[in-house]
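Below is a briefing on one protein chain.

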Amino acid sequence: CVRCLLLLLLLLLLHSATPNGTPPYVPQQEEGGVEVLRSARSGRAFSSHYCAFWDRLLRALAAADLLHDDFELNDKLVRLVTALSISTVRSFRHAATLTAAQLVSSWIAVSAGLTKSRELAKLQLDAEEKKKKAKGAAGINPAAAALRRTLERCHARVEDLKNFRGVVFTGVFSHRFRDVDDGIRAIVIESIGRWIAALPSEFMADTYLKYLGWALSDKSPLVRAKAVAAIAALYQDSENVPRLHEFARRFTPRFTELMSDVDEAVAAAALHLLAQLVKHGALGHEAVSDVFSVLSQENAALRRAAAGLAVQLLQEHGRASVTRAAAALQAAADAAADAQPAGRAKGARGKASSRGKAGTAAAGQSAAAAAAAAML
């Protein structure tokens, strides 16, 4: 059957990662095995096609109502990738981690479709119940009963997929985050960032965000770069900024340290991230005041990234200055309004006093305007 062939495909992939089954397009790099899915350009292409295959297949099975049948395919896949992810063979762990990452991504997509179906069934059910009340009909409404079953089925499947995602994360990714292979750790971090962006209601929590923050201190520049890219992608959506406030506060010291990362590509990516943080008000000017010293670096990419951050700092400083100047002018205008005479019925003494107050207010307004101009 098709599902048995899927499991066989994964086993064949893992067999191809052994020294005796090395595919011709992947060079042997170490005695303990080969890096089957990332060691060459063809290997990376195969990785992309492999993930696309699993994604299309899981979506097709879900559309055909075969993903949640009695065969329990999801459960068998979870057990398989979890068992292989703790293998002593590095290539087995790599293939299992990549497969698990794609399973979770595909489950998220399937869950999104089920959620839409659930919401539609809920709206239709509400309409049927209103229609029944309006007619005052008694007895069982077949259409409402069918919609209720659809609603319950969609809800149960959404919860099942959520549980499977939690099991895979706990059984695979929380352990492979500390794998000795930086390529496996990079898959973990890249996948977590993708899941948070795809389903923030579930994944944008400290349980998952902390892994991105911890990865900023990874010894491998590949992993650090993946972490910076994942965080920067989250800040591209302005709706995520309030929910990332605590995360940014916790890891601000590390964000700023990355400006001086030993890997220039990581440092340049970190500068772009810092520019986003300043733009969204998640980082103060004093935290990145050292950026101007980076403008003299020999690396062109670093200089461009530092220039972008410097421009962002100057723009934010200009906006703050305009705000302060406007507040000063408003205060001066309020003071002038308060100094106006209560009415023209007052005597000459009252008029003289009013002229004195108005003069004082005008002088105060001029001083405030001068102060505002100085701020600008």
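**Confidence and make-up**

The protein chain has an average pLDDT of 78, and 71% of the residues score at least 70; pLDDT is the predictor's confidence in each residue, from 0 to 100. The model is predicted, with local features needing pLDDT of at least 70 and side-chain atom pairs counted only at pLDDT 80 or more, while totals for chains, interfaces and linings use all residues. Residues are numbered from 1 along each chain as its sequence is written, and side-chain values use heavy atoms, leaving out hydrogens and water.

**Whole chain**

- The protein chain has 14 helices and zero strands; helices (H or I, at least four residues) and strands (E, at least two) are DSSP runs, numbered from the N terminus.
- Of the 376 residues in the protein chain, 43% are buried; buried means under 20% relative accessible area, exposed over 50%, and partly exposed in between, with a 1.4 Å probe and protein chains only.
- Among contacts in the protein chain with a separation of 6 or more, 65% are between residues 24 or more positions apart.

**Helices α4 and α6**

- Helix α4 (residues 90–135) packs with helix α6 (residues 182–198) at an angle of about 5°, and their axes are 10 Å apart; axes are lines fitted to C-alpha atoms, for helices over the stretch in contact, and angles run from 0 to 180 degrees between N-to-C directions.
- That angle makes α4 roughly parallel to α6; angles under 35 degrees count as roughly parallel, over 145 as roughly antiparallel, 65 to 115 as roughly perpendicular and the rest as oblique.
- On the α4 side, R90, R93, H94, T97, L98, A101, V104, S105 and I108 meet I184, I187, V188, S191, R194, W195 and A198 in α6.
- The contact of α4 with α6 comprises nine nonpolar, four polar and three charged residues; Ala, Val, Leu, Ile, Met, Phe, Trp, Tyr, Cys and Pro count as nonpolar, Asp, Glu, Lys and Arg as charged, and the others, Gly among them, as polar.

**Helices α8 and α10**

- Helix α8 (residues 206–215) and helix α10 (residues 245–257) have axes 11 Å apart and pack at an angle of about 25°, so α8 and α10 are roughly parallel to each other.
- In α8, D206, L209, K210, L212, G213 and W214 meet F247, R250 and F251 in α10.
- By class, the residues in the contact of α8 with α10 are five nonpolar, one polar and three charged.

**Single residues**

- A96 is in helix α4 and counts as buried, at 1% relative accessibility.
- Not counting residues up to four places away in sequence, A96 touches V81, L84 and S85.
- A96 and I184 are 88 residues apart in sequence, with 9.7 Å between their C-alpha atoms.
- R157 is found in helix α5 (residues 142–176) and is buried, with a relative accessible area of 15%.
- Leaving aside residues up to four places away in sequence, R157 touches D65, H68 and L114.
- H272 lies in helix α11 (residues 264–279) and counts as partly exposed, at 49% relative accessibility.
- The C-alpha atoms of H272 and A307 are separated by 9.7 Å, with the two residues 35 apart along the chain.

Conventions:
Contact means heavy atoms within 4.5 Å.
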